[in-house]
Amino acid sequence: MFDAFLFAGLPYAAVLICIVGVIYRFRKLPFGITPRSTQFLEHGKLRWAAAPWHIAIIPILIAHILAFVFPALWQTLLASQVLLVTLEMVGIALGVTACIGIAIMLTRKVIAGRLQAITGFKTITVLSLLFVQVLLGVLTAINHRWGGLWYSSTLAPYLWSMIKLQPDLGYVTALPFIVKMHIVGGFLIILLIPFTRLIHMFAVPYEYLYRLPQRVVWARPQSLAMNSNAVRMIDARRSFIKSAVAMGVGGTLLSFGVADKMVRFFGKPEIEPEEETALLATRLKRLKMTAEEKELELERRSKDYILIARLSELNDKKGKYFIDYEMHPALAFMFADGFPLLISAKCTHLGCTVGSELDANGKILCPCHVSYFDVKTGEPNPGAPAKARLPHLGWVIKDNDNNIVAHQKPGSSPEGSFDRKRADQYRLFIARQYQPESV
Ligand code: FES
């Protein structure tokens with residue numbers, strides 16, 4: 001219920017309020033959408049706050065948006081390990097820079113005497129929220145590596161489900177606490193945009209980059225001499241901003257390092273009619289395959305029992321993978337006590353598939369961020385990134401005449417008996433009525 005509020009109610013309310021509020025302010029209070037400049041009251045610290053903050057936060061936001069809008073392209077790009085590591089390092093460096101920038105901004109507002117007079121509660125709240133939000137982002141990146149990858153496979157589908165008005169909270173409810181806080185923080189910031197100086201992000205003076213220079217022409221030679229330095233500074237600043245923008249754009253493309261892939265992705269190559277026919281046939285085949293897969297999934301879900309393996313195929317060293325009713329991976333073991341053990345193989349951290357081999361301590365490893373799960377209890381090791389245990393699944397054993405000879409409901413002890421020496425005569429199933437126990 002609380003998750004539904006945080007990840008469905010709050011986002012919709014935040015976006016709606018933001019859109020209505022921004023339109024209202026643009027229409028009714030057009031002169032109030034830029035932040036009040038405080039440069040003339042204090043400029044020493046501002047230089048070390050505003051520039052790093054804006055230089056760092058803009059590419060971070062762009063990366064978040066790109067991964068959300070083009071998740072497939074994003075994943076294709078990050079299939080390159082070099083690119084993934086580069087993105088991870090650049091992202092963390094930018095996050096730290098943004099953190100420092102916003103921290104200086106906040107401190108400046110609190111300690112600079114002349115600013116205190118015009119700094120209100122709203123400003124402090126927004127700056128504090130931004131600081132916490134960026135800090136959470138950095139901590140997420142450090143604690144849950146390869147965010148570039150899992151963001152596009154967990155958060156992007158979640159956000160798209162929200163846009164389609166069919167919120168699928170399954171993508172986010174199992175995420176680590178810190179990631180959840182980062183998501184909630186993002187929506188809180190969206191909510192605050194129309195009420196705070198954050199609205200200035202919609203009033204960026206882009207024309208500054210290309211409009212003709214405007215200069216004060218000093219009539220008196222003394223004034224001209226006095227202000228020539230200022231004129232040079234303005235020109236230098238304009239050139240700096242232009243170069244920074246150009247370098248930012250160029251650097252982004254270069255760091256992607258796959259401009260050719262992008263061209264191929266977006267470009268429409270000239271193709272012959274025969275090639276087009278072949279392409280359409282391939283697409284049709286793929287569509288049919290997708291439809292068949294969906295049909296298979298539905299058919300599978302409607303079955304009372306799904307076969308996993310013959311008992312003779314299972315052992316206590318290496319689990320056998322199978323797909324459960326939810327179309328998630330799971331593992332089947334056979335232990336010395338003579339009963340099977342079925343456990344979900346979908347890591348409760350960020351959803352990777354855990355390994356199938358048991359180590360000497362009876363644990364299976366999730367290789368993504370190194371969590372070890374005890375298969376008997378499902379519990380992760382203390383300090384692991386995963387905090388929730390892997391759920392066990394119920395099962396039934398049938399003999400060759402299709403009679404159920406043993407079964408186990410999730411969370412209770414096995415019942416029934418069978419001849420263990422004739423393991424090849426028995427088949428193991430998951431049963432629709434024995435869905436995984438809740439964790
Ligand atoms: S997905 Fe991160 S530990 Fe498994």
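Predicted model: local features only at pLDDT ≥ 70, side-chain atom pairs only at ≥ 80, totals over all residues.
Student: Why is Arg 432 called partly exposed?

Tutor: Its relative accessibility is 37%. Buried requires under 20% and exposed requires over 50%. Because 37% lies in between, Arg 432 counts as partly exposed.

Student: Where does Arg 432 lie, and which residues does Arg 432 touch?

Tutor: Arg 432 lies in the segment after β11 (427-431). Not counting residues up to four places away in sequence, Arg 432 touches Arg 301, Ser 302, Lys 303, Asp 304 and Tyr 325. A contact of this kind means heavy atoms within 4.5 Å. The C-alpha atoms of Arg 432 and Asp 324 are separated by 9.6 Å, although these residues are 108 apart along the chain.

Student: How many aromatic pairs does a search of the whole structure find?

Tutor: The search finds eight aromatic pairs.

Student: What makes the pair of Phe 7 and Tyr 158 edge-to-face?

Tutor: The ring centres are 6.5 Å apart, and a pair requires centres within 6.5 Å. The planes stand at 85°, and over 60 degrees counts as edge-to-face; therefore the pair of Phe 7 and Tyr 158 is edge-to-face. This pair links distant parts of the chain, with Phe 7 in helix α1 (residues 2-28) and Tyr 158 in helix α7 (residues 147-163), 151 residues apart. Both Phe 7 and Tyr 158 are buried.

Student: Why is the pair of Phe 339 and Trp 395 called stacked?

Tutor: Here the ring centres are 6.0 Å apart and the planes are at 25°. Planes under 30 degrees apart count as stacked, so the pair of Phe 339 and Trp 395 receives that name. Phe 339 is in the loop between β3 (329-334) and β4 (340-344), whereas Trp 395 is in strand β8 (residues 395-398), 56 residues apart. Both Phe 339 and Trp 395 are buried.

Student: Which residues form one aromatic cluster with Phe 339 and Trp 395?

Tutor: Phe 418 and Tyr 426 form one aromatic cluster with Phe 339 and Trp 395.

Student: How do you know that the charged end of Arg 420 sits over the ring of Phe 339?

Tutor: The charged end of Arg 420 is 4.9 Å from the centre of that ring. The label requires CZ of Arg within 6 Å of the ring centre and within 35 degrees of the ring normal.

Notes. Residues numbered from 1 in each chain as written. Heavy atoms only, no water. Helix = DSSP H or I, 4+ residues; strand = E, 2+ residues; numbered from the N terminus. Buried < 20%, exposed > 50% of the residue type's maximum accessible area, 1.4 Å probe, protein only.
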